[in-house]
Amino acid sequence: MPSHVPPRPTGPARGQAVQPAFAQIGLALSETAFVVVDLETTGGAPGAHAITEIGAVRVRGGQVVSEMGTLVNPGAVIPAQVTVLTGITNAMVVGAPVVAEALEHFLGWARLDEPGTVLVAHNARFDVGHLRAAARELGLAWPEPVVLDTLALARRVWSRTDVPNHRLSTLASFVGSPTRPTHRALDDARATVDVLHAVLEALAPLGVTHLEDLATATDPVPPRRRAKSRLAQGLPSTPGVYELLSATGQVLYVGSAVDLRRRVRSYFTAAEKRPRVAQVLDTTVDVRVIPTPTEVEARVRELRLIAELDPPANRRSRRPRRQPWLRLVGGDEPRLASTTALATEEVGCAVGPFASRSALLDAQRAAKSVLRLRSWDAHGAAGLAPQGGLSQRVDLARRALSGECDLVAGPLLERVAALAAAERFEEAGLWTARLRSFLLASRRAEAVRPLLACAHLVAARRREGGGWELVAVRWGCLAGSAVTPPGADPRPAVAALRATAQVVQRPDRVGQTTSAEETLLLAEWVLDSGARLVEVGAEGGGDADGSGAAGGAEEDVCAALTWPVGAAARHRRVLRA
């Protein structure tokens with residue numbers, strides 16, 4: 001059986017300085033179990049007949065917990081040149097455990113499947129590659145642990161001006177390790193422990209203080225920026241909104257997150273690749289957060305803060321409450337016209353909102369070319385003739401803007417097919433783009449109509465870990481949200497949410513109370529297949545008997561909450577174009 005080597009004291013005094021630098025958020029590296037391993041092999045390809053020795057040290061908090069070391073019988077001849085390098089002879093391994101026995105023992109000792117355990121090696125590609133290949137060939141389960149390579153870390157920390165090379169023997173001498181690497185597995189693993197402690201000590205001031213930091217520790221991030229990861233210390237691991245602040249207190253960027261601490265920390269690693277945000281990070285000196293009960297509330301608050309503060313690094317609509325709509329204007333000469341002041345009662349016969357003026361013009365051209373409310377110039381209709389009298393065309397337009405977008409999509413798709421058949425592909429692409437703008441606007445309108453017309457709505461979705469997320473919506477505006485713990489009766493939480501939700505007055509026009517973007521976000525949440533309507537009715541929570549649902553109002557809203565299978569959604573190919 002493999003021989004157990006008794007624990008020894010931790011390495012050099014240099015390694016002792018690591019602990020005080022560890023911050024107390026997430027899983028600190030001081031709480032992480034590092035299994036440092038080294039192998040000696042025959043020099044052959046990775047597999048079940050290559051390993052000749054395994055040495056490993058388990059450390060936590062800068063202290064050695066236990067060690068193991070064993071020779072291994074590879075079942076193959078050890079070449080003479082390998083014996084010269086390692087000192088391991090064929091005679092030495094004759095009575096040693098075979099690879100299957102030694103590897104099984106190592107895996108049981110290392111407990112690599114335990115949370116917070118990291119496998120470490122110097123040039124880990126070699127050692128871990130041999131271990132993984134042997135386990136696979138022998139039918140042993142390989143746990144796929146987090147792997148840390150001290151070679152890659154050392155290259156990140158010390159340049160060639162510090163050390164002539166990054167061999168283990170060179171680094172061990174550089175950090176003052178009392179163990180000299182000898183090409184014997186346990187000695188080399190012990191030296192690697194000392195290099196590991198020195199590397200982590202050097203990285204701690206750069207923000208590499210926790211297990212999650214190791215994934216990006218070797219990424220090319222400017223040290224000044226990585227050091228700012230300390231700004232995430234103490235932040236809650238809950239949903240919420242965060243603001244990146246300058247030295248003068250200006251809000252540079254606003255974002256939302258499911259996990260505030262994790263999201264803010266990610267900005268100071270190589271995971272953040274947006275040049276515009278990277279520039280902001282260089283001038284960020286503080287982070288302010290607003291925790292929220294739910295992710296959807298965090299996203300809504302993000303929208304509102306961006307509209308209010310206009311941070312320089314956020315790319316959003318600068319006038320979210322004044323986005324244009326396309327509507328039918330009556331009178332002696334009915335026509336399709338744009339407006340940024342759509343009356344609430346007009347939502348049922350309009351499409352939008354549009355993200356840009358150009359998108360609105362494309363949709364307007366698409367609709368006009370089919371509906372023909374006014375005379376169309378020679379560049380537009382491509383041979384379509386008006387159908388029926390003016391009153392019939394007005395009725396057709398009203399229906400098309402009220403959700404029957406097939407009345408526009410059908411003729412335009414026929415036109416696109418005809419143009420493609422005639423190999424007029426540029427024109428076909430132009431009309432496809434115009435139709436897409438019209439369909440996207442129809443889809444948005446179908447989504448927001450029921451919420452804009454609803455005085456009070458409470459919806460619920462199950463949380464992944466149990467319990468419920470609850471959201472109250474009033475006139476298309478988020479009025480409040482809450483969560484319930486796993487196994488708890490959600491009805492008291494619904495009643496509390498109803499009683500404490502924000503009072504929202506019915507708006508006279510779209511965008512008066514909140515942006516259409518907020519209503520769209522809420523519609524996406526409410527219309528999700530996992531969401532349930534709990535209450536629909538008057539703002540006080542329903543009818544007089546307190547049942548929470550207002551009969552016909554609930555039926556009307558439930559019937560309207562069908563846009564994913566509505567006319568616009570059926571044209572998926574055009575919408576994806």
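This is a short walk through one predicted model, from the whole chain down to single residues.

Let's start with the overall picture. The chain has 577 residues, and 52% of them count as buried. Its secondary structure comes to 21 helices and 15 strands. Now take the contacts between residues at least 6 apart in sequence. Of those, 67% join residues at least 24 apart.

Next, helix packing. Two packed helices are described by the angle between their axes and the distance between the axes. I have two cases for you.

Case one is H6 with H8. H6 covers residues 150-157, and H8 covers residues 185-203. Their axes are 10 Å apart, at an angle of about 40°. The two helices are therefore oblique to each other. The crossing of H6 past H8 is left-handed. Which residues make the contact? From H6, they are Thr 150, Leu 153, Ala 154 and Val 157. From H8, they are Thr 192, Val 195, Leu 196, Val 199, Ala 202 and Leu 203. Eight of these contact residues are nonpolar, two are polar, and none is charged. 

A reminder on helix geometry. An α-helix has 3.6 residues a turn, so residues three or four places apart point the same way.

Case two is H13 with H16. H13 runs over residues 357-371, H16 over residues 425-452. Here the angle is about 100°, and the axes are 7 Å apart. That angle falls between 65 and 115 degrees, so H13 is roughly perpendicular to H16. H13 brings Ala 359, Asp 362, Ala 363, Arg 365, Ala 366, Ala 367 and Ser 369 to the contact. H16 brings Trp 431, Arg 434, Leu 435, Ser 437 and Phe 438. How many of the residues in this contact are charged? Three are charged, with seven nonpolar and two polar.

Stay on H13 for a moment. Val 370 lies in this helix. Its relative accessibility is 15%, so Val 370 counts as buried. Along the chain, Val 370 and Val 408 are 38 residues apart.

Pro 353 sits in the loop between strand S11, residues 350-351, and H13. The peptide bond joining Gly 352 and Pro 353 is cis, with omega about 0°.

Helix H7 covers residues 168-175. Which of its residues are buried? They are Leu 168, Thr 170, Leu 171, Ala 172 and Val 175. Just after H7 comes Gly 176, with a positive phi of about 80°.

The whole structure holds five aromatic pairs. One of them is Trp 158 with Phe 174. Their ring centres are 5.3 Å apart and their planes stand at 75°, so this pair is edge-to-face. Trp 158 is in the loop between H6 and H7, while Phe 174 is in H7, so the pair ties together parts that are 16 residues apart in sequence. Are the two partners buried or exposed? Trp 158 counts as buried, at 6% relative accessibility. Phe 174 is partly exposed, with a relative accessible area of 35%.

A second pair is Tyr 242 with Tyr 267. This one is edge-to-face too, at 5.6 Å centre to centre and 65° between the planes. Tyr 242 belongs to strand S6, residues 240-245. Tyr 267 is in the loop between helix H10, 260-266, and helix H11, 275-283. The pair links distant parts of the chain, 25 residues apart. Tyr 242 is buried, at 1% relative accessibility. Tyr 267 is buried as well, at 0%. Ring pairs also bring in Tyr 253, linking Tyr 242, Tyr 253 and Tyr 267 into a cluster.

Most residues other than glycine have a negative phi, and most peptide bonds are trans. Two residues to look at here are Arg 111 and Asn 123. Arg 111 is not a glycine, yet has a positive phi of about 50°. Find Arg 111 in the loop between helix H4, 99-110, and strand S4, 117-121. Arg 111 is partly exposed, with a relative accessible area of 34%. Asn 123 has a positive phi near 65°. Its place is the loop between S4 and helix H5, 124-138. Asn 123 is partly exposed, with a relative accessible area of 34%.

That's the tour. Thank you.

Note on methods. Residues numbered from 1 in each chain as written. Predicted model: local features only at pLDDT ≥ 70, side-chain atom pairs only at ≥ 80, totals over all residues. Heavy atoms only, no water. Axes fitted to C-alpha atoms, helices over the stretch in contact; angles between N-to-C directions. Helix = DSSP H or I, 4+ residues; strand = E, 2+ residues; numbered from the N terminus. Parallel < 35°, antiparallel > 145°, perpendicular 65-115°, else oblique. Left-handed = near helix turned anticlockwise from the far one by under 90°. Contact = heavy atoms within 4.5 Å. Nonpolar A, V, L, I, M, F, W, Y, C, P; charged D, E, K, R; others polar. Buried < 20%, exposed > 50% of the residue type's maximum accessible area, 1.4 Å probe, protein only. Phe/Tyr/Trp six-rings, centres within 6.5 Å; stacked < 30°, edge-to-face > 60°.
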